[in-house]
Amino acid sequence: MRCDAINSDLATFNGSMGQYKIVKTKDQSYTVFSEAYNEACHSLDGAWDETLFNYLEGCSIPEKSERLGEKALSVLEVGFGLGVGLQVVSDFYEKKEVKKSFVFTSLEIDQGLVEWTIDNWPPSIPPLKGSFQKTGGLDYFNGNCGLGKVNILIGDARKTLKKASKLGMIPALDAVFQDPFSPKRNPSLWTVEWFEVLKKASSPEVTLSTYSSSTSVRKSLQAAGWFMRNAPGFSSKRTSTRAFLKGPSDPEVIDKLKRAPINPLRDKDNET
Ligand SMILES: C[S@@+](CC[C@H](N)C(=O)[O-])C[C@H]1O[C@@H](n2cnc3c(N)ncnc32)[C@H](O)[C@@H]1O
């Protein structure tokens with residue numbers, strides 16, 4: 001399954017946060033390069049394959065959906081981007097023999113990018129249908145994609161997730177796809193405070209998966225009360241991180257953190 005609807009002849013388009021350049025990746029699926037963050041949304045070795053590896057498999061979605069029985073799996077994605085996270089999850093549920101539902105909440109600062117992504121949704125994936133709405137000062141897209149109930153919260157994730165949680169819009173999270181741009185380009189979504197917000201929104205059985213294995217990110221997760229395990233990285237990346245609310249952490253991860261003279265990332269370090 002590939003993100004085959006995108007017309008790469010378009011080459012570039014404008015979102016609310018600046019220009020995006022469409023780039024075909026090695027597995028024939030597409031990503032975009034963001035001018036505002038000076039970074040691509042996915043690995044150029046394969047947007048679809050990376051998403052399968054880091055998030056569907058990284059968060060053990062197949063096993064979790066079995067274990068939950070009748071209950072709908074609750075996924076949070078940090079950064080909607082081109083919607084590949086939702087496409088991969090929807091495609092997985094579509095192909096399951098026993099039909100089950102899921103709840104997919106995504107956080108996206110760029111409404112123009114969300115609109116473009118919905119307009120360019122691949123035909124091979126169930127359509128993403130719904131409308132933009134406003135409740136309690138929160139702007140969001142509410143709809144459905146195949147067997148999934150979808151909410152895309154528009155605005156800064158640090159505000160929208162707290163608002164939506166207060167409004168009771170997010171079932172306790174079973175899986176978190178931690179996929180904002182890199183800590184270097186977007187440090188505000190890799191801090192102790194951010195991982196505390198995610199912890200509060202999660203079920204005790206949650207798995208958080210991220211491609212990052214940086215020491216400062218792991219220190220932030222640790223300071224926020226997450227336990228960590230090493231996982232293989234996608235393509236040429238050696239390692240990535242899985243985090244849980246139940247321990248223990250991998251001893252080698254903890255040993256390495258103890259020895260590293262690096263501080264966790266804090267909100268106050270990002271204030272200008
Ligand atoms: C790496 S891309 C996400 C790719 C996406 N998961 C996919 O599969 O297509 C990161 C996304 O995070 C969004 N983002 C960055 N900072 C944000 C913030 N503070 N709040 C909400 N979204 C943010 C960016 O606009 C971008 O679309």
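## Close-up views of a predicted model

View 1. What covers the buried residues of H6 includes strand S5 (73-78), strand S6 (102-108), helix H5 (157-166), strand S10 (173-178), strand S11 (202-210) and helix H7 (215-223). In this predicted model, helix H6 spans residues 192-200, and its buried residues are Val 192, Trp 194, Phe 195, Val 197 and Leu 198.

**View 2. The contact of helix H1 with helix H3.** Two packed helices can be described by the angle between their axes together with the distance between those axes. For helix H1 (residues 47-57) and helix H3 (residues 84-95), the axes come within 9 Å and cross at roughly 75 degrees. Because angles from 65 to 115 degrees count as roughly perpendicular, H1 and H3 are therefore described as roughly perpendicular to each other. On the side of H1 the contact is made by Ala 47, Trp 48, Thr 51, Leu 52 and Leu 56, while H3 contributes Val 84, Gly 85, Gln 87, Val 88, Val 89, Asp 91 and Phe 92. Sorted by class, the residues in this contact of H1 with H3 are eight nonpolar, three polar and one charged.

View 3. Strand S1 and strand S2 (residues 18-24) run antiparallel and are joined by four bridges, and Thr 12 stands opposite Lys 21 in S2.

View 4. Ser 34 lies in strand S3, which covers residues 30-34. Ser 34 has a relative accessible area of 0% and is therefore buried, since a residue counts as buried when this value is under 20%. A polar atom of the Ser 34 side chain lies 3.3 Å from the backbone nitrogen of Ala 36, and a polar atom of the Ser 34 side chain also lies 3.1 Å from the backbone nitrogen of Tyr 37. When its neighbours within four places in sequence are left aside, Ser 34 is in contact with Gln 19, Tyr 20, Glu 39 and Phe 181.

Technical notes. Residues numbered from 1 in each chain as written. Predicted model: local features only at pLDDT ≥ 70, side-chain atom pairs only at ≥ 80, totals over all residues. Heavy atoms only, no water. Axes fitted to C-alpha atoms, helices over the stretch in contact; angles between N-to-C directions. Helix = DSSP H or I, 4+ residues; strand = E, 2+ residues; numbered from the N terminus. Parallel < 35°, antiparallel > 145°, perpendicular 65-115°, else oblique. Contact = heavy atoms within 4.5 Å. Nonpolar A, V, L, I, M, F, W, Y, C, P; charged D, E, K, R; others polar. Pairing = 2+ DSSP bridges. Buried < 20%, exposed > 50% of the residue type's maximum accessible area, 1.4 Å probe, protein only. Polar contact = N/O pair within 3.5 Å; in protein donor to acceptor, adjacent residues only side chain to side chain.
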